Amino acid sequence: MNTLDYQENGYLHLRQFFNAQGLVPLESALRTFHNNWLKENNSAYQAGAINSAYISAKQYLPDGDRETLFHFMMSQKLTDMVKAIIVDKPAFMNNQLFFDPKDKRQKNYWHRDIQYHLTLAEQQQALSGPDVIHVRIPLVNERGIEIVPSSHKVWDTQQQLNVRTEKAGYHNYDDIAEGKAIALNKGDLLVFSANSIHRGLYGLNRFAFDIIFCPAQEALLKYVNPDCLPDQQTLAQVEQAELFLNTHTTLMKNDNEN
């Protein structure tokens with residue numbers, strides 16, 4: 001695994017990282033979550049939702065399926081991969097499920113994740129700060145994502161900025177010449193920076209599980225939903241609990257200081 005590719009380009013595509021058959025229990029748990037989520041969020045789905053979050057929380061999953069998720073997220077293989085990219089005390093932040101929109105005509109959109117809570121000046125500054133990563137596990141063969149290589153460390157060109165902010169007559173779904181499409185198959189793993197300019201590619205009934213990690217810093221982990229974290233009994237049963245323990249420790253430190 002050459003993590004230098006990630007450092008340079010802001011993404012790392014590992015083909016057949018997992019045995020596809022071994023993902024069946026994970027997919028089954030995620031299908032249960034998605035079906036339960038749709039029952040309470042059908043209006044959001046009808047209105048154009050393309051993802052859900054807090055997958056490992058208790059609201060939509062029975063205990064057995066939550067255990068399946070935790071054992072997968074805390075497997076040694078996955079943990080080692082995350083630690084190779086985030087070398088400074090990596091920690092669990094969130095998880096999401098990505099699916100196609102209800103309306104097949106719906107356009108996708110270029111964005112940096114940070115643009116939804118930071119000003120442009122703060123976004124530019126964030127590119128030299130800590131990196132938040134998405135670890136994407138596709139559960140079906142899909143079109144994947146399109147990403148602008150190196151944009152996790154390099155600020156937008158004027159055209160890129162106009163597209164993702166919809167300025168000067170551009171739309172956020174307009175093509176960007178520097179974009180690189182990355183198709184994904186079941187069993188693949190894709191790591192990409194949340195700071196990068198990217199967009200999902202809809203179609204083929206995509207169904208992808210994202211786990212989000214970051215350095216164990218209070219400013220980042222303040223967004224964690226504690227209900228998504230495993231209990232002590234689960235932590236004692238998994239292969240490798242370090243990334244979740246780092247989250248627990250940071251949150252407890254913050255609570256004690258407040």
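## Cysteines

Let's start with the disulfides: the count comes to zero, where a disulfide would be a pair of cysteine sulfur atoms within 2.5 Å. Cys214 is in no disulfide, and the nearest cysteine sulfur, in Cys228, is 13 Å away. Looking from the other end, the closest cysteine sulfur to that of Cys228 belongs to Cys214, and at 13 Å it is too far for a bond.

Both residues are tucked away from the surface. Cys214 is buried, at a relative accessible area of 0%, and Cys228 is buried at 1%. Buried here means under 20% relative accessible area, while exposed is over 50% and partly exposed is in between (1.4 Å probe, protein chains only).

## About the model

This is a predicted model, in which local features need pLDDT of at least 70 and side-chain atom pairs count only at pLDDT 80 or more, while totals for chains, interfaces and linings use all residues. Residues are numbered from 1 along each chain as its sequence is written, and side-chain values use heavy atoms, with hydrogens and water left out.

## Helix H4

Now for a helix. H4 covers residues 76-85, and its buried residues include Leu78, Thr79, Met81, Val82 and Ile85. Seen down the axis of H4, the buried residues fall within an arc of 160°, so they line one face of the helix. That arc is taken from the directions from the helix axis to the C-beta atoms. Helices (H or I, at least four residues) and strands (E, at least two) are DSSP runs, numbered from the N terminus.

## A three-stranded sheet

Next comes an open sheet of three strands, in the order E6-E5-E8, with antiparallel pairing. E6 (180-184) and E8 (198-200) stand at the edges with a single partner strand each, so one side of each has no neighbour in the sheet. From one strand to the next, the twist averages 25°; the angles run from 0 to 180 degrees between N-to-C directions, with axes as lines fitted to C-alpha atoms, for helices over the stretch in contact.

E5 (residues 142-147) pairs with E6 in the antiparallel sense over four bridges; two strands pair if DSSP finds at least two bridges between them. One of the residues involved is Glu146, whose bridge partner in E6 is Ala181.

## Ser151 in its loop

Between E5 and helix H6 (158-165) runs a loop that holds Ser151. Ser151 is buried, with a relative accessible area of 2%. A polar atom of the Ser151 side chain lies 2.6 Å from the backbone oxygen of Val148.

Leaving aside neighbours within four places in sequence, Ser151 is in contact (heavy atoms within 4.5 Å) with Arg112, Leu127, Asn195, Ser196 and Ile197.

Notes
A polar contact is a pair of N or O atoms within 3.5 Å; within protein, one must be able to donate a hydrogen and the other to accept it, and residues adjacent in sequence count only if both atoms are side-chain atoms.
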